Amino acid sequence: MQPQVNTGHPRRWAILGVLVVSLLVVVLDNTVLNVALRTLADPQHGLGASQGELEWSINSYTLVFAGLLFTAGILGDRYGRKRFLTIGLVLFGLASLLSAYAQTPTQLIWARALMGLGGAFIMPVTLSIISNVFDPRERARAIAIWSGSVGLGIAIGPILGGALLETFWWGSVFLINVPVILAGLVAVAIMVPESRDPRPGKIDIVGVLLSVVGLVALSYGIIDGGEHGFGRPVVWASIVGGLAVLVAFVAYERRVEFPSLDVRLFKVPRFAVPVALIGLLFFAALGVFFFSSFYLQLVRGYSPLETGLLLLPFAAAQMAFAPRSAVMVKRYGAKAVSAVGLTLATVGIAGFAFLGVDTPIWVVGVLFFIQGVGMANLMPPAMESIMSALPRERAGVGSAVANTVRQVGGALGVAVLGSVLASVYRGQVDGAAQALPGPAREAAEESISGAYGVADRLGPAGGAVIDAANHAFVTAMHWTAAIGAILAALGVLMVLRWMPGKPAPEPQPVDAPAERPELAAAS
């Protein structure tokens, strides 16, 4: 049997490098900012931002990003993916420059919202461009490299942020994006071919608007509930309202002739199951990353840079195993690889339920490595399964759905697991805090950071407060990790029950002597 000709773009691997760098800028920026929050709150060395302003410097990005991801994916398919990638990079670079030189917290919040818009344009089109420039038989490997870059960005962001803050002013964590984006714009203009849906049909304006309103309302409720508690009516009004609008979106999409999202795809296991798995995994995993930074910096006393370095095993696992996952899927099938990957991620998450105040730090590194290996062997086959369920011309929709679920699932994980963490912590620290005066007691019961602030003011007598807060936090971390692990374990059962098994072997592609006609014309 003759080997089949490779239908991919001749420069596809170089194009992948450009797309990975574009994606890394987006992922890195969010993890870098978390390291800079303490500096931003300093009136002398930062902006003197209040707690609420710090929250919105993060949440303004998340709200715009999650709300517009799906819409950006749809519009990129219609009007040109290269065009949307270029616009996204320009917006992200401009917003980075504005953020770096913001004079007030309000200016920073609005600049971060603009950055979220740029990020929403960039992320979905990177994956849909991959689907269009790679032969389907090479696409799994390319997506694996793309997925590994996401994990790499999550891990090295705190290292980069810590190194910049030790040498430069806080704006450097944003300014570092600008030269990278300028280089990326040149590379995109020269190397990335334009592609779009050749038969887009009528634009689904109502569906697009419903998706934006529903996702923004749902994301706002989740974020606000995580920050200020789920007991307020405005939180539930936003969450229930957002879900109601999304239900209306699904009902409308089932009846319209040219839907922005064919909801019948959720009846196809190779699309629906990976989407659900991504949501579950990021719910649990980002919850762990949320409390692990407090555990390492406060309970264990590591600096932001040292905390970032402790995440290197996670990054190493992503770099080593994600590119190889495609080979594992060909050999053993997506079901087996995904089940093993999610099981390892579950073990890595569950391990935090057994850490103590003085557990050897190498144990934490091992847990991050195991979690990294697990995610490296789940995300690529999951994304490949989603993208293979759609034709190339509709790749942006698949990418947008997967990334929206990932973003909302992660926000929900931080909000819900963060609320569990806070509730258990307050219950555990209450006894020790009763001996403190009113304002100090409230601060110590609010969070472990508040307890450390109280202890600093108490001098030598603050040691007892720190000990009580550390043990209360570790107990709360145990409960949170256990819940996250249980949810991840449910995902393993979903894989075993519904994930498609090993596909039939396919012939290996051979490079064609010439470009695909439509790509050659577009480039």
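This passage describes the fold, the confidence and selected side-chain contacts of a predicted model.

The protein chain contains 21 helices and two strands. Of its 523 residues, 54% are buried. The accessible surface of the chain comes to about 21400 Å². Carbon and sulfur atoms account for 68% of that surface. Contacts across the sequence were also counted. Among those between residues at least 6 apart, 82% join residues at least 24 apart.

The average pLDDT is 80, and 90% of the residues score at least 70. Helix α3 has the highest confidence, with a mean of 92. Helix α21, residues 517-522, has the lowest, with a mean of 42. The pLDDT is below 50 over residues 514-523. Even so, this stretch has 17 contacts in the model beyond near neighbours in sequence.

The interior was examined next. In soluble globular proteins, nonpolar side chains tend to be buried together. The largest nonpolar core in this model has 143 residues. Ile130, Tyr295, Phe352, Met383, Tyr425 and Phe473 have the most contacts inside this core. Helix α10, residues 269-299, gives the most to the core, with 17 residues. Isoleucine 130 touches Leu16, Leu19, Ala142, Ile143 and Trp146, with residues up to four places away in sequence not counted.

Aromatic rings form a further set of contacts. The structure holds seven aromatic pairs. One of them joins tryptophan 13 and phenylalanine 134, with ring centres 4.7 Å apart. The planes of these two rings meet at 75 degrees, which is over 60, so the pair is edge-to-face. Tryptophan 13 has a relative accessibility of 34% and counts as partly exposed. Phenylalanine 134 is buried, with a relative accessible area of 0%.

Another pair consists of phenylalanine 84 and phenylalanine 121, whose ring centres are 4.9 Å apart. Their planes lie at 25 degrees, under the limit of 30, so this pair is stacked. Phenylalanine 84 belongs to helix α3 and phenylalanine 121 to helix α4, so the pair ties together parts that are 37 residues apart in sequence. Both phenylalanine 84 and phenylalanine 121 are buried. A ring also takes part in a contact with a charge. The charged end of arginine 78 sits over the ring of tyrosine 79, 6.0 Å from its centre.

Two further residues of helix α3 were followed. Serine 99 is in helix α3. Its relative accessibility is 0%, under the 20% limit, so serine 99 counts as buried. Serine 99 touches Leu108, Ala111, Arg112, Met115, Trp170 and Phe174, leaving aside residues up to four places away in sequence. Leucine 97 is also found in helix α3, which spans residues 81-100. Leucine 97 has a relative accessible area of 38% and is partly exposed. With residues up to four places away in sequence set aside, leucine 97 touches Leu175 and Val178. The C-alpha atoms of leucine 97 and isoleucine 176 are separated by 9.2 Å, although these residues are 79 apart along the chain.

Key: Residues are numbered from 1 along each chain as its sequence is written. Side-chain values use heavy atoms; hydrogens and water are left out. Helices (H or I, at least four residues) and strands (E, at least two) are DSSP runs, numbered from the N terminus. Buried means under 20% relative accessible area, exposed over 50%, partly exposed in between (1.4 Å probe, protein chains only). Contact means heavy atoms within 4.5 Å. pLDDT is the predictor's confidence in each residue, from 0 to 100. Rings of Phe, Tyr and Trp (its six-membered ring) pair if their centres lie within 6.5 Å; planes under 30 degrees apart count as stacked, over 60 as edge-to-face and the rest as tilted. A charge sits over a ring if NZ of Lys or CZ of Arg is within 6 Å of the ring centre and within 35 degrees of the ring normal. A nonpolar core is a set of buried Ala, Val, Leu, Ile, Met, Phe, Trp, Tyr and Cys residues joined through side-chain atoms within 4.5 Å. Accessible areas come from the Shrake-Rupley method with a 1.4 Å probe; for residues, only the protein chains shown count as cover.
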